[in-house]
Amino acid sequence: MGPGRLSRSLLLRCRRAAAALGAARCRRGGPLSARQLSAAVGLRAPQRPPGRGEPPRAGGGARWTGAAGAGGGEEEEEEDEAELEELLGPSPLAVGPGAQRVAVVQPAVKWGPRKSPLTTEKVKKLPHVTAVFLNVERISSLTKKELEDAWGVKVFDRYAVVLHIFRCNARTKEAKLQIALAEIPLLRSNLKNEVSQLDQQRGGSRYVMGSGETFMETQNRILKEKELKIRNALEKLRRKRSLLRTQRRKREFPIISVMGYTNCGKTTLIKALTGEAGLQPRDQLFATLDITAHAGYLPSHMAVIYVDTIGFLTDLPHNLVESFSATLEEVAYSDLIVHVRDVTHPETILQKATVLSVLKNLNLPSHLLDSMVEVHNKVDLIERYKPTEENALAISALHGHGLEELKEEIEKKILAATGKKILTVNVNLEGPQLSWLYKEATVQEVEVLPEDGAARVKVIISNSALGRYKNLFPSSKIFMP
């Protein structure tokens with residue numbers, strides 16, 4: 001093993017030990033003793049290299065290779081994967097398992113521990129309450145601790161609750177990385193509170209193991225390094241998504257983004273439109289945290305891609321909006337937006353305003369906003385429902401009501417947005433024209449003319465594909481409708 005490889009391995013273990021130190025402090029909720037501090041940052045000696053046929057020991061130290069320079073690329077990939085697993089490890093901010101009986105305190109109520117003893121008295125008298133939800137975006141870690149000491153129960157703000165919901169529903173690495181990025185500001189806030197407790201207790205050196213760094217400086221540096229790693233990992237995933245998007249563009253598949261307020265039935269609608277059995281809609285907030293693409297067909301047999309997006313929420317905390325804005329960038333590359341609304345919700349008008357406000361802030365092309373299809377979902381729960389908005393379509397994604405009308409409307413908008421043409425082509429059955437059209441265009445009808453050894457083919461074709469067809473088969477006759 002070269003010295004460079006060993007130093008990187010040691011550096012990685014040092015960082016893991018420092019991260020373990022921070023996690024241990026979060027679990028304990030108080031300062032560490034000198035012995036615990038030493039144990040957290042101490043390094044074990046690397047184990048000996050395994051013998052031939054002997055697997056590496058679990059939890060070993062530095063990486064060993066059989067020959068110098070062998071498998072360097074694989075080792076780097078393994079190290080990247082190990083760092084990614086470290087970034088996606090258990091969160092110190094995660095709420096413990098089990099249900100909570102929550103009392104809700106609105107912003108208009110005086111809830112500070114010193115401001116309203118009456119509120120404190122009321123909270124303490126509530127039977128079986130295990131937590132209090134303050135309906136505000138963020139409270140400082142110091143205020144949170146003061147309230148928990150005064151009320152004797154856990155206290156959550158909107159940021160913590162929404163982050164917990166996101167954390168429970170995250171399935172992919174990208175979603176988990178975005179949640180880890182959104183946790184960084186909260187970890188910094190908690191760190192300031194912990195350091196202030198250390199300063200009050202004094203006793204012992206403020207520097208860590210003679211490194212010349214204070215505990216605050218060490219932890220801040222670790223958080224900065226973690227944030228940089230998360231952003232780099234997200235950037236790699238975004239580049240992969242961009243590559244997939246480019247491949248779809250080359251195939252000229254129309255992209256349809258399905259958007260709406262959380263729990264409005266977007267995934268249920270996509271499942272109904274595509275018939276994809278693997279989709280499992282869930283009746284809960286933020287069941288979808290990732291951009292997922294699903295293939296479907298329109299009445300003309302044109303293949304399209306439906307994109308399922310993250311749901312919207314009124315007054316979503318600002319830092320969470322920044323962390324998850326990357327998941328919405330796919331919308332800008334769509335050919336059409338379908339806005340799904342839950343018309344049974346009492347605040348459906350407010351929800352519509354929230355979705356439109358976020359879409360406008362994404363700086364989408366004006367033609368994309370103007371051509372948007374509005375869908376009123378769950379009309380099976382309202383007797384004789386009729387949309388009041390012009391051009392809105394009433395459907396029930398769960399029972400299939402109104403889906404054919406929706407598909408026809410989508411097809412009409414897609415043809416206008418993509419510039420695809422419907423035309424008829426005469427082809428020679430002995431030549432390759434027909435197979436080429438099946439591959440590069442959408443074939444609607446084929447009328448065989450046996451006496452001529454030809455066929456009249458009705459197709460939907462893009463301008464670029466039409467140009468290629470004319471170059472390849474200049475003698476073929478083309479009829480516009």
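Predicted model: local features only at pLDDT ≥ 70, side-chain atom pairs only at ≥ 80, totals over all residues.

Residues are numbered from 1 along each chain as its sequence is written, and side-chain values use heavy atoms, with hydrogens and water left out.

**Exercise 1. Describe the surroundings of Glu374.**

Step 1: Find the element. Glu374 sits in strand E8 (residues 373–377); strands (E, at least two residues) and helices (H or I, at least four) are DSSP runs numbered from the N terminus.

Step 2: Judge burial. Glu374 counts as buried because its relative accessibility is 15%, where buried means under 20% relative accessible area, exposed over 50% and partly exposed in between, with a 1.4 Å probe and protein chains only.

Step 3: Look for polar partners. The side chain of Glu374 makes a polar contact of 2.7 Å with that of Arg341, and another of 2.7 Å with that of His376. A polar contact is a pair of N or O atoms within 3.5 Å; within protein, one must be able to donate a hydrogen and the other to accept it, and residues adjacent in sequence count only if both atoms are side-chain atoms.

Step 4: List neighbours. Leaving aside residues up to four places away in sequence, Glu374 touches residues including His339, Lys352 and Asn391, contact meaning heavy atoms within 4.5 Å.

**Exercise 2. Trace the aromatic cluster that includes Trp436.**

Step 1: Start with the pair of Trp436 and Tyr469, which is tilted, at 5.5 Å centre to centre and 50° between the planes. Rings of Phe, Tyr and Trp (its six-membered ring) pair if their centres lie within 6.5 Å; planes under 30 degrees apart count as stacked, over 60 as edge-to-face and the rest as tilted.

Step 2: Trp436 belongs to helix H14 (residues 433–440) and Tyr469 to helix H15 (residues 463–472), so their pair ties together parts 33 residues apart in sequence.

Step 3: Check burial. Trp436 is buried at 15% relative accessibility, and Tyr469 is buried at 1%.

**Exercise 3. Where does Arg138 lie relative to Tyr159?**

Solution: Arg138 lies over the face of Tyr159, 4.7 Å from the ring centre. A charge sits over a ring if NZ of Lys or CZ of Arg is within 6 Å of the ring centre and within 35 degrees of the ring normal.
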